[in-house]
Amino acid sequence: MMNASLLASFRQRQILPGFFLTAGITLFWLGLIVLLPLTALLFRPWQDGAAAMIHALHDRRMYAALRVSFGYAFLAVLMDLLLGLLLAWTLVRLKPPGTRLINALIDLPFAMPTAVTGITLATLYGPNGWLGKPLLHLGFPVAFTPAGIVVALMFVGLPFIVRTVEPVLRATPHDVEEAAFLLGATPWQRFFRVVLPSLLPALISGFGLAFSRCVGEYGSVIFIAGNQPFHSEVASLLIVMRLQEFNYAGATSIAAILLILSLLCLALVGQVRRIASRGLVREDGR
């Protein structure tokens with residue numbers, strides 16, 4: 001009798017019917033689609049022996065490509081933070097005419113194929129392009145230079161910042177800003193001391209999403225970067241080149257290092273976001 005009552009109580013506490021079945025199916029597909037390929041990627045470089053892996057790890061060109069990928073991705077996302085925050089603020093607070101068109105343009109990188117993006121940007125910022133030609137006359141070439149990498153990565157990373165910050169900004173109450181205004185705070189003081197702290201966790205999350213997308217970007221970069229080794233060659237392109245050379249140990253080594261560094265960067269971003277969230281909770285508690 002007691003076991004039956006305990007079983008009935010357990011069933012009442014279940015949030016979803018069939019929880020264990022759905023959780024098992026979800027974990028199975030997660031392991032099959034995500035964990036299994038990642039495990040294979042980490043073990044594949046060692047199948048050709050330790051000597052091949054050590055030789056791949058001494059490739060100076062690989063480290064240069066990793067520096068290009070991570071360095072310019074970081075720079076592009078930093079610039080996207082400012083631009084994305086301005087766009088989100090404009091859409092939420094100012095509500096300009098043509099908001100639907102602006103939203104469609106912001107989401108365009110999600111729908112446009114990356115190769116189309118790269119060809120379009122290379123044409124636009126090329127030596128004879130609408131924007132590239134006047135910039136070249138001013139002494140600022142964009143296409144086929146590292147600046148082209150930054151432009152391409154800013155294009156693909158911007159929607160992540162805007163779509164992460166916009167709902168938080170929309171849900172932020174105006175009461176605190178009005179109180180700061182009544183207490184004599186300047187617009188800059190209201191922004192940096194009232195609005196920005198509440199948006200900081202969302203900005204960090206958007207930074208992590210955009211950065212993870214930009215580090216592994218391929219199609220939109222190769223057409224505008226110039227792809228010069230040790231100068232403007234990204235890691236994803238070098239992986240493809242190693243595969244074309246049938247150098248599977250080198251390709252998987254670069255991919256494994258790129259994966260590990262990306263996971264470490266995401267873990268760091270997540271830790272910073274949790275610290276910012278705890279600080280925001282303490283501020284609200286006071």
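A cavity, on a 1 Å grid over the protein atoms alone, is a set of points where a 1.4 Å probe fits but cannot get out, and its lining residues have an atom within 4 Å of a point. Grid points are joined across faces, edges and corners, and a volume is the space filled by probe spheres set on the points.

With that in hand, welcome to the structure. This is a predicted model, in which local features need pLDDT of at least 70 and side-chain atom pairs count only at pLDDT 80 or more, while totals for chains, interfaces and linings use all residues. Residues are numbered from 1 along each chain as its sequence is written, and side-chain values use heavy atoms, with hydrogens and water left out.

**The cavity**

The structure holds one cavity of 30 Å³ or more. The volume of the largest cavity is about 40 Å³. You can find its lining at V68, S69, I149, L153, C214, V215, E217, V221, V234 and S236. Two or more lining residues come from each of α4 (60–94), α8 (146–171) and α10 (187–215); helices here are DSSP runs of H or I with at least four residues, numbered from the N terminus. Sorted by class, the lining has seven nonpolar, two polar and one charged residues. In this sorting, Ala, Val, Leu, Ile, Met, Phe, Trp, Tyr, Cys and Pro count as nonpolar, Asp, Glu, Lys and Arg as charged, and the others, Gly among them, as polar.

**Around S220**

E217, one of the lining residues, also meets S220: their side chains are joined by a polar contact of 2.7 Å. Such a contact is a pair of N or O atoms within 3.5 Å, where within protein one must be able to donate a hydrogen and the other to accept it, and residues adjacent in sequence count only if both atoms are side-chain atoms. S220 sits in helix α11 (residues 219–222). S220 counts as buried because its relative accessibility is 0%; buried means under 20% relative accessible area, exposed over 50%, and partly exposed in between (1.4 Å probe, protein chains only). Leaving aside residues up to four places away in sequence, S220 touches T114, T117, G118, A152 and V156, where contact means heavy atoms within 4.5 Å.

**Aromatic pairs**

Rings of Phe, Tyr and Trp (its six-membered ring) pair if their centres lie within 6.5 Å; planes under 30 degrees apart count as stacked, over 60 as edge-to-face and the rest as tilted. The count comes to eight aromatic pairs.

F70 is buried at a relative accessible area of 13%, and F211 is buried at 7%. Together with F74 and F207, they form one aromatic cluster.

W188 and F192 both belong to helix α10, four residues apart, about one turn of the helix. W188 is exposed, at 63% relative accessible area, while F192 is partly exposed at 46%.

**Two phenylalanines in loops**

Most residues other than glycine have a negative phi. F230 has a positive phi of about 65° and is placed in the loop between α11 and α12 (235–244). F246, in the loop between α12 and α13 (248–285), has a positive phi of about 60°. F230 is partly exposed, with 47% relative accessible area, and F246 is exposed, with 63%.

How values were computed: 1 Å grid on protein atoms, 1.4 Å probe; cavity = no way out; pocket = protein on both sides within 12 Å on 5 of 7 lines; lining within 4 Å.
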